[in-house]
Amino acid sequence: MHVDGSRHPTTWWHRLEDGRVRCDVCPRGCALHEGQRGLCFVRGRADDTIVLTTYGRSSGFCVDPIEKKPLAHFLPGTAVLSFGTAGCNLACRFCQNWDISKSREVDTLADEASPEEIAETAERLGCRSVAFTYNDPVIFLEYAIDVADACHARGIRTVAVTAGYVEPGPARQLFARMDAANIDLKSFRESFYHDVCAGHLQPVLDTLELVALDTPVWLELTTLLIPGLNDGEGELDAMTRWVVERLGPDVPMHFTAFHPDWKMRDRPLTPPSTLARARRIALANGVRHAYTGNVVDPEGQATRCHWCGAVLIGRDGYDLIAWGLDAEGRCAVCGTSCAGVFDPVPGRWGSRRMPVRIGARDA
Ligand code: SF4
């Protein structure tokens, strides 16, 4: 195999005694011969080192509501410039973004954009943040870091949407540049990560603890509930207890609906009742803010004061329809602080989705 595309240098690798070079970014630890790519497809061995082939190249840009990431407690109502590259270091059979994450075609990367161009575009379009999403920023770490630095120089915040399948060293380097993260906790069973995602659970739990306990990053979690696979009451009970005990009660959890896709078309859509049940279990176990997603459910998507129950943020889909926080992010009724990152007033972006072209190439 030949490693073409751009060859951006990387540092997270080391040489093995048998002559191969091992990538140290994620727990896969791909050991590569010259010309081979890792499982993520975007990192590969060229000229005896590991290079990143997607630096400066994107599968598309879009201005989204921050609620869509999903983040419910990070600058609500504001616009976020979202982008991704190609490839992924997990192989989830239910992938909901497989056209990007499983892309073997560098042609998917229609846009070229420097970190400075992305930051400038976000500022020009009134975005408060830039999100690394669509595919996992872990695998394009060097590009994400440079984009984050360019954003911070302009006062733009940064958001990582990731599966958290990353080694501690690169994780610290990446999350040091992030202001917020939504990390998937796909299941609480090793067998699910192994059989359905071709990965492991423990590295994800380690990343969650690292981000929640050792960084100032605002963290929210997402679990896509797949009927019959990861929606059991016992599993959700154990998962949500772990979240409260190890990460704390203020880490919001999002339970979102699966739709049949990629290699998993034999499962039905997640019933809204399953999402509501997961939310109930989380709240009963002490998670202060649990949400449903990908369904119409105003109660399941409202932020309530964990102390007095007043509605702090009412939502209709991605639109904010009620605001009950004071300028310091406290409940306007009882004065209890709500965990999160809040402006004195909510943003007004609403539910709009606006595709953006930056440095588009000729097809
Ligand atoms: S980041 Fe990619 S190349 Fe590196 S270990 Fe993970 S899958 Fe392999």
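User: Which residues of helix 7 are the buried ones?

Analyst: They are Glu235, Leu236, Met239, Thr240, Trp242, Val243 and Leu247. Buried means under 20% relative accessible area, exposed means over 50%, and partly exposed lies in between (1.4 Å probe, protein chains only). This is a predicted model, in which local features need pLDDT of at least 70 and side-chain atom pairs count only at pLDDT 80 or more, while totals for chains, interfaces and linings use all residues. Residues are numbered from 1 along each chain as its sequence is written, and side-chain values use heavy atoms, with hydrogens and water left out.

User: How do you know that the span of helix 7 agrees with its 15 residues?

Analyst: Helices are DSSP runs of H or I with at least four residues, strands are runs of E with at least two, and both are numbered from the N terminus. The expected span is 1.5 Å times one less than the number of residues. For residues 233-247 that should give 21 Å, and the end C-alpha atoms are 20 Å apart, so the two agree.

User: Why is the contact of Glu34 with Arg45 called a salt bridge?

Analyst: A salt bridge needs a side-chain nitrogen of Lys or Arg within 4 Å of a carboxyl oxygen of Asp or Glu. The closest N and O atoms of Glu34 and Arg45 are 3.3 Å apart, so by that definition the pair qualifies. Glu34 lies in the loop between strand 4 (31-32) and strand 5 (43-46) and Arg45 in strand 5, so the pair ties together parts 11 residues apart in sequence. The structure holds 24 salt bridges.

User: Why does Glu34 count as partly exposed, and why does Arg45 count as buried?

Analyst: Glu34 has 44% relative accessibility, so it falls in the partly exposed range. Arg45 has 7%, so it counts as buried.

User: What makes Phe94 and Phe192 a tilted aromatic pair?

Analyst: Rings of Phe, Tyr and Trp (its six-membered ring) pair if their centres lie within 6.5 Å; planes under 30 degrees apart count as stacked, over 60 as edge-to-face and the rest as tilted. Phe94 and Phe192 stand 5.9 Å centre to centre with 40° between the planes, which makes the pair tilted. Phe94 is in the loop between strand 9 (79-84) and helix 1 (98-101) and Phe192 in helix 5 (residues 190-197), 98 residues apart. Both Phe94 and Phe192 are buried.

User: Which residues form one aromatic cluster?

Analyst: Tyr55, Phe61, Phe83, Phe132, Phe140 and Tyr143 form it. Phe140 is buried, with a relative accessible area of 0%, and Tyr143 counts as buried at 0%.

User: How do you know that strand 1 and strand 6 pair?

Analyst: DSSP must find at least two bridges between two strands. Strand 1 and strand 6 (residues 49-52) have 2 bridges, in the antiparallel sense. Pro9 has Val51 in strand 6 as its bridge partner.
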